[in-house]
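Here are my notes on the model, for your review. Please read them with the structure open.

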Amino acid sequence: MRPCAGGCEAADGRGDRLSPRLQLPEVAGSENDASLDRRLPEPRDQNFPHDDRRDHPGRDDSLAQEHHERREHEHLVGDRIEEGADRGGMALLSGQSPVEPVGRHRDAEDSRCPVVVVREAPGVEHDHDRNRRRAGGSELIGGGQGHNVERIRPLMFEKVLVANRGEIAIRVFRTLRELGIGAVGVYSAGDRTALHVAYADEAFLLGPTPAAESYLAVERILDAAERAGAQAIHPGYGFLAENAAFARAVEEAGLVWIGPPPASIELMGNKTAARTAMQQAGVPIIPGTTDPVGSVEQLLALGDELGYPLLIKAAAGGGGKGMEIVEAPGDAEQAFERAQRQGQSYFANPDVYVEKLIVDPRHVEVQVLADAHGNVVHLGERDCTIQRRHQKLIEETPSPAVNEELRQRIGAIGVAAARACGYRSAGTIEGLLTHDGDYFFMEMNTRIQVEHTVTEMVTELDLVREQILVALGEPLSVRQEDVELRGHAIECRINAEDAAHGFLPAPAWVTGYREPAGPGVRVDSGVAAGYEVSGAYDPMVAKLIVRGVDREHARRRMLRALEEFSIEGPTTLIPFHKALLSHPCFVAGETCHGVVESEELAARADELDGAAAVALPSNSLLQGMTGPVRTTERVRTVEVDGRRFEVRLSDPEPEWRALARRRQERSQRGGAGAGGSDAVVSPMQGTVLSVTVSDGDEVEAGRVICVVEAMKMENEVHAHRAGTVRSLSVQPGESVATGQVICEIAAD
């Protein structure tokens, strides 16, 4: 694989059988194609590695044509035998077929789906009334004694449920529509007005706003899939995407899991077990432990052995959560406690392990694809070095520090890692690249990544489409020698955060929204004007991706797109990205170590804030609404096709009622939130994770009072001066508003 600038064409070694540019509905729409109807060979048939002649060596095309002309089995099509036994009508293969396919039944099918072919096998008992439950993706039809059966595979799903929200749900919906598959969405009470709900073909309420009661509620998600008649579940990223128990539950419910095998998720999700497996497979790992570290004393002993600084990491972690740096022995106890707390909070597992901290490395990851036929390919690397709090902000491909020789070496490591864990689907091998060119395995993300978009831009592959086809049992559509990187792509994460104030989360109501456009620009977004960026979930508003002929072209194109991007309401990282992409360190392709979270860059971002584009008209009803959006509900009875339904309507709270409510709340708080010189206030809306002081405690300036979580970020609230804690008003688990008084520090 080699980078290729501009418009060169990909090699066409396998023809168009499952190429990304051939959409399956196009096959269904090929009317009056004699070669399809008579099954005549096409010029490139001999190039197909899995063509019909090789899969069925005894086949006689003349018999197939005679069978079609006699139309012996036309009644099977009329009776719609091709539909599944129950929900959704997914077509299934019931066995190896000495009987030729029934042809010319295109008119009897749903026009949204690709052509479905019926095959029969003698001696196979069909599913009937005493066994109406649909077989799962790995079950056998008619599994009784004396039955000649094989594993069944659907030719194409009719409906897929996406167990996620926001921009990634919409991203998956788009590919489902291109494949002619129904898109089923889910949502929480707080997401009733979310964009992904409106975009889905149908959507189901899971439960209240907290993720634990909605997007993490396995039984509710499976129930929604049952009610929708979905045949498969795509998890997106985050939430349950890397939860092996959820993947197993999906398969046990008779659904197809669009992702890697649960065993692979389980192995790579346990970071210590993954490090051991990679070490045994010969994949280089960062020096450190392969077993959990259970005490501060063990941590200090490792510091003596490996030297400082060290990095503590949650054993079940990922996404930059549960990571703490230990610069010196004096930092060990507090860092150990924080990492354990985050591991328990985010992953329900307090175990941690320790690595030697590599100073100023590049965070370079490898995109891999694997199928059930033993094929594994890599799609080049992505450079994700630009981060804050160990979470990515900007990604690009190719990496400015990787040449072709190093690319092949890193790619080979990624392929070896995927094979070592029996991987299938899309996944990412994350690693660290040192200044000396050493590359170390760090972890594997067993899901589609946020930054998969930059890989799609330079390879022109649809990775979600590959996931779906692999889940259907198809081989990969691309070989390693066919992969080329065309140009350079950059992604900026547009988060609702205030870079000028320590990247504090900034949930708010979007009052104006305009996306950039033009050549080489892509936006994956989960919001629009009139939608809320909720403080209950991740702070990402959108992803802005550009592609240019080279890195400098892509950088300038990104700056142009950032100028065009207008989001009114929440504070976002748009001005931060403008400042960073214009900084000499980024222009030179350096790591920007020490720059990303510097006061200098924050000040520059603050200068650029609000300097964008043309202002859009605002909705007066939305002005000033920065908290959760309140709704009023009405129940109406409607009749559809002679059947009565009760419909619950949710309308935005009227402006006059919102104003009255806010005045009443301020009165009840007795003015809390305004604070005085003694007051310690919450800098954001969020949930209190822990409180470290009690009334009457003597504290020094800088002492941690409590930890508040907002938008998946932990933020410590500190004492602003020395004194005595008075009027402590919060407890763990409580919600706090921006500016709410937490306690007072009375001067001694």
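**Notes on a sheet and some ring contacts**

1. The sheet. Four strands form an open sheet in the order β31-β30-β28-β33, and their pairing is antiparallel. The edges are β31 (713-718) and β33 (735-736). Each has a single partner strand, so one side of each is left without a neighbour in the sheet. Keep in mind that this is a predicted model.

2. Inside the sheet. β28 covers residues 686-691 and β30 covers residues 704-710. These two strands pair in the antiparallel sense, over four bridges.

3. Aromatic pairs. How many aromatic pairs does the model hold? The count comes to seven, taking ring centres within 6.5 Å as the rule. Two of these pairs are described below.

4. Tyr215 and Phe239. This aromatic pair is stacked, with 5.0 Å centre to centre and 25° between the planes. The angle falls under the 30 degrees that counts as stacked, hence the label. The pair links distant parts of the chain, 24 residues apart. Tyr215 sits in the loop between β4 (202-207) and α8 (218-228). Phe239 sits in the loop between β5 (232-234) and α9 (244-252).

5. Is Tyr215 buried or exposed? Tyr215 counts as buried, because its relative accessibility is 0%. Phe239 is partly exposed, with a relative accessible area of 22%.

6. Phe246 and Trp257. Here the aromatic pair is edge-to-face: 5.5 Å centre to centre, 90° between the planes. Phe246 lies in helix α9, and Trp257 in strand β6 (residues 256-257). The pair therefore ties together parts that are 11 residues apart in sequence. Phe246 counts as buried at 1% relative accessibility. Trp257 is buried too, with a relative accessible area of 3%.

7. A ring cluster. Tyr215 and Phe239 also belong to a cluster with Tyr537, linked by ring pairs.

8. Charges over rings. Which residue lies over the face of Tyr199? Arg177 does, at 4.3 Å from the ring centre. Arg551 lies over the face of Phe586, at 4.5 Å from the ring centre.

Methods: Residues are numbered from 1 along each chain as its sequence is written. This is a predicted model: local features need pLDDT of at least 70, side-chain atom pairs count only at pLDDT 80 or more; totals for chains, interfaces and linings use all residues. Side-chain values use heavy atoms; hydrogens and water are left out. Two strands pair if DSSP finds at least two bridges between them. Rings of Phe, Tyr and Trp (its six-membered ring) pair if their centres lie within 6.5 Å; planes under 30 degrees apart count as stacked, over 60 as edge-to-face and the rest as tilted. Buried means under 20% relative accessible area, exposed over 50%, partly exposed in between (1.4 Å probe, protein chains only). A charge sits over a ring if NZ of Lys or CZ of Arg is within 6 Å of the ring centre and within 35 degrees of the ring normal.
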